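Student: I would like to learn how to read the features of a structure. Please take them in turn, with the general idea before the case.

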Amino acid sequence: MLTKYNPKGKNVWDLVKILFNGSRRTNPMDILKSDTGLDVRFSNKGFYGKGIYFADNSNYSKYFAYSDKQSSTYSMFFCFVIVGNSVLLERNKDLNAPPLKPFSDRYDSVRNIDSSHYVIYDTNK
């Protein structure tokens with residue numbers, strides 16, 4: 001995706017964000033050990049449909065952090081996320097992909113009204 005936009009003169013930090021993700025009930029070690037990593041097939045439906053949700057604020061993501069009851073610790077992911085060409089949308093729980101761009105392909109991700117949360121629907125891009 002980075003090469004998709006680089007010829008257009010975009011700065012890489014316009015396409016990549018440093019964001020947080022809480023896996024809630026899934027042990028982060030299971031995600032790290034898997035072949036797929038963060039996988040939309042195992043995500044829950046949220047305000048923007050079924051996708052992988054990221055926040056720019058760890059304080060928000062702590063509510064979705066994995067809790068290890070034996071060690072009394074909490075875990076979340078600190079991720080470099082390629083958000084690509086993101087579209088700002090109102091809540092829509094029926095989404096399963098970003099909307100189509102006018103006269104073109106789809107947006108790469110969706111972000112909320114204050115641009116503090118991003119949703120990725122396809123990790124294979």
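Tutor: Start with the elements: helices (H or I, at least four residues) and strands (E, at least two) are DSSP runs, numbered from the N terminus. This is a predicted model, in which local features need pLDDT of at least 70 and side-chain atom pairs count only at pLDDT 80 or more, while totals for chains, interfaces and linings use all residues. Residues are numbered from 1 along each chain as its sequence is written, and side-chain values use heavy atoms, with hydrogens and water left out.

Student: How is a pocket read, and what volume does the largest pocket have?

Tutor: Rolling a probe the size of a water molecule over the atoms shows where empty space is left. The search uses a 1 Å grid over the protein atoms alone: a cavity is a set of points where a 1.4 Å probe fits but cannot get out, and a pocket is an open set with protein on both sides within 12 Å along at least five of seven lines. Lining residues have an atom within 4 Å of a point. Grid points are joined across faces, edges and corners, and the volume is the space filled by probe spheres set on the points. Here the largest pocket has a volume of about 900 Å³. It is lined by 34 residues, and those closest to its centre are G22, S43, N44, G51 and Y53.

Student: Which elements each supply at least two residues of that lining?

Tutor: They are β1, α3 (28-33), β2 (45-46), β4 (52-55) and α4 (58-61). The largest share, four residues, comes from β4.

Student: Next, salt bridges. How many does the structure hold?

Tutor: A salt bridge is a side-chain nitrogen of Lys or Arg within 4 Å of a carboxyl oxygen of Asp or Glu. The structure holds two. R41 pairs with D39, with the closest N and O atoms 2.6 Å apart. D105 pairs with K101, and there the closest N and O atoms are 3.5 Å apart.

Student: What makes up the nonpolar surface patch?

Tutor: Patches are made of residues with over 30% relative accessible area and no salt bridge; like charges are joined within 9 Å, and nonpolar side chains (Val, Leu, Ile, Met, Phe, Trp, Tyr) within 5 Å. Accessible areas come from the Shrake-Rupley method with a 1.4 Å probe, and for residues only the protein chains shown count as cover. In this model V12, W13, I18, F78 and F80 make a nonpolar patch of about 550 Å². Both α2 (12-15) and β7 (77-82) supply at least two residues of the patch. I18 lies in strand β1 (residues 16-21) and is partly exposed because its relative accessibility is 39%.

Student: Where is S72, and what is its phi?

Tutor: S72 sits in the loop between β5 (66-68) and β6 (73-75). Its phi is positive, about 55°, although S72 is not a glycine. S72 is exposed because its relative accessibility is 62%. S115, in the loop between β9 (109-111) and β10, also has a positive phi, near 60°, in a residue other than glycine. At 25%, S115 is partly exposed.

Student: How far apart are the C-alpha atoms of V119 and Y48?

Tutor: They are separated by 7.3 Å, with the two residues 71 apart along the chain. V119 lies in strand β10 (residues 117-120) and is buried because its relative accessible area is 2%. For another pair, the C-alpha atoms of L100 and Y66, 34 residues apart along the chain, are separated by 34 Å. L100 is in the loop between β8 (86-88) and β9 and is exposed, at 55%. Y66 lies in strand β5 and is buried, at 17%.

Methods. Buried means under 20% relative accessible area, exposed over 50%, partly exposed in between (1.4 Å probe, protein chains only).
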